[in-house]
Amino acid sequence: MKMDPRIGAEALRILRAIPGLGVIVAPNGLNRGVDALVMFAGTEAPVAIEFKSRANAATAWHLVHTSRHRPELPLMLIAAETTADARRILSDHGIALIDGLGNAQLELPGLFVRIAGAGRPTRAPAPSRLSGKAGLVAQALLLDPKRAWRINDLEEQTAVSSGLVHRVLARLEAEGIISTIGAGPRRTRHVTDPAALLDLWAEENVDKPVRTRGYLLAQTPRQVINQLGESLSDARIDYALTGAAAASIIAPFVTAITVTEVWAAAATDCQEFFDHASLTPVTEGHNVTVLQARTDAPLAFRQQFGGLFIVNRFRLYADLQRDKRRGVEQADHFRREVIGF
């Protein structure tokens, strides 16, 4: 099998480690688009192969769209590195994968292989990574994906410099997520793949917040949410509910809300929370967690529901994904019911 030499050896090593599986280059004259034959259990299946040095969520969505043009021909990605979100998206859409980190997922008629690799990417982060201020640009685009965006529009929406906005847009255009129309002052950008943009931002926007735990005396989780929100608003403390508590207000999900999570402005002294919200600081048995990042980015584009401030729906989706308590399940429900793509 002829492969890019940078990734071929690793991919072949993984393939050869799968008992009973063989891969050969497609013979001349085979149907157009077929790159190889995967052989197993006395049968063979033609596949089309895509080579990438690195695959992220945006890459995965591009392959999903590519595969829809020829649904009868299975598509296989061979890459040196893949991200966890890329692997999830490819798996959800039945696209086979082999990477240099030891991951393999193949689902063909009569064959199901899934191997979790132990390796980690060594490549440096991509330029204009969608975190911090760059992530605000991505969220603004997501909140109004049908708009024709100019650079100065995004500057005004996000308070991000024109240079960073331009770099983010250039990166997203290279990823196939946005398109550009016109030139000069009339040039506009249009989101062409909001699902890919959401997954790419959620993948790259990794927060490492400071967590302060407290206990609020109340009879029900909803009373905790309401009392906390009312107290913080009365004290004029900037906040935004997130996690399961916030999701229960917008898109109720059958799960217990054991902890109410709330983002607070970076400069807020948590003692203010305890003083104004009748919170008792605790190290265990908490029902409130105050989250603070290095900047106020988590509060960007927050919205009000019933008098309570809640993070914007895309931030909420990303926060739910990282919740170890049924978070992915809740995130998927929220995405279907509220986001829609």
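Which residues does Thr59 touch, not counting residues up to four places away in sequence? In this predicted model, Thr59 touches Lys52, Arg54 and Glu175 when residues up to four places away in sequence are not counted, contact meaning heavy atoms within 4.5 Å. Thr59 is found in helix 2 (residues 57-69). With a relative accessible area of 11%, Thr59 is buried; buried means under 20% relative accessible area, exposed over 50% and partly exposed in between, with a 1.4 Å probe and protein chains only.

Residues are numbered from 1 along each chain as its sequence is written, and side-chain values use heavy atoms, with hydrogens and water left out. Because the model is predicted, local features need pLDDT of at least 70 and side-chain atom pairs count only at pLDDT 80 or more, while totals for chains, interfaces and linings use all residues.

The protein chain averages a pLDDT of 85, and 86% of the residues score at least 70; pLDDT is the predictor's confidence in each residue, from 0 to 100. Over residues 1-7 the pLDDT is below 50, and this stretch has 20 contacts in the model beyond near neighbours in sequence. Twelve helices and 16 strands are present in the protein chain, where helices (H or I, at least four residues) and strands (E, at least two) are DSSP runs numbered from the N terminus. Of the 341 residues in the protein chain, 49% are buried. Among contacts with a separation of 6 or more, 63% are accounted for by residues 24 or more positions apart.

Two helix pairs are described next. Two packed helices are described by the angle between their axes and the distance between the axes. Helix 2 and helix 3 (residues 84-92) pack at an angle of about 20 degrees, with their axes 8 Å apart. The axes are lines fitted to C-alpha atoms, for helices over the stretch in contact, and angles run from 0 to 180 degrees between N-to-C directions. Helix 2 and helix 3 are therefore roughly parallel to each other, on a scale in which angles under 35 degrees count as roughly parallel, over 145 as roughly antiparallel, 65 to 115 as roughly perpendicular and the rest as oblique. Helix 2 passes helix 3 in a right-handed crossing; a crossing is right-handed if the near helix is turned clockwise from the far one by less than a right angle, and left-handed if anticlockwise. On the helix 2 side the contact is made by Ala57, Ala60, Trp61, Leu63 and Val64, and on the helix 3 side by Asp85, Ala86, Ile89 and Leu90. By class, this contact has eight nonpolar, no polar and one charged residues. Ala, Val, Leu, Ile, Met, Phe, Trp, Tyr, Cys and Pro count as nonpolar, Asp, Glu, Lys and Arg as charged, and the others, Gly among them, as polar.

Leu90 of helix 3 is buried at 1% relative accessibility. Leu90 touches Ala60, Leu63, Leu77, Ile95, Leu97 and Gln105, not counting residues up to four places away in sequence. Leu90 and Ala60 are 30 residues apart in sequence, with a C-alpha to C-alpha distance of 6.0 Å.

Helix 7 (residues 194-204) and helix 11 (residues 313-321) pack at an angle of about 55 degrees, with their axes 10 Å apart. That angle makes helix 7 oblique to helix 11. The crossing of helix 7 past helix 11 is right-handed. From helix 7, Leu198, Asp199, Trp201 and Ala202 meet Phe314, Arg315, Tyr317, Ala318 and Gln321 in helix 11. The residues of this contact divide into six nonpolar, one polar and two charged.

Ile257 counts as buried at 18% relative accessibility. Leaving aside neighbours within four places in sequence, Ile257 is in contact with Pro221, Ala244, Ala245 and Ser248. Ile257 and Arg325 are 68 residues apart in sequence and 9.6 Å apart in space, C-alpha to C-alpha. Ala48, in strand 3 (residues 43-55), is buried at 13% relative accessibility.

Most residues other than glycine have a negative phi. Ala159 has a positive phi of about 60 degrees although it is not a glycine, and lies in the loop between helix 5 (151-158) and helix 6 (162-174). Ala159 is exposed, with a relative accessible area of 68%. Ser278 likewise has a positive phi, near 55 degrees. Ser278 is placed in the loop between helix 10 (270-277) and strand 13 (280-281) and is exposed, with a relative accessible area of 56%.
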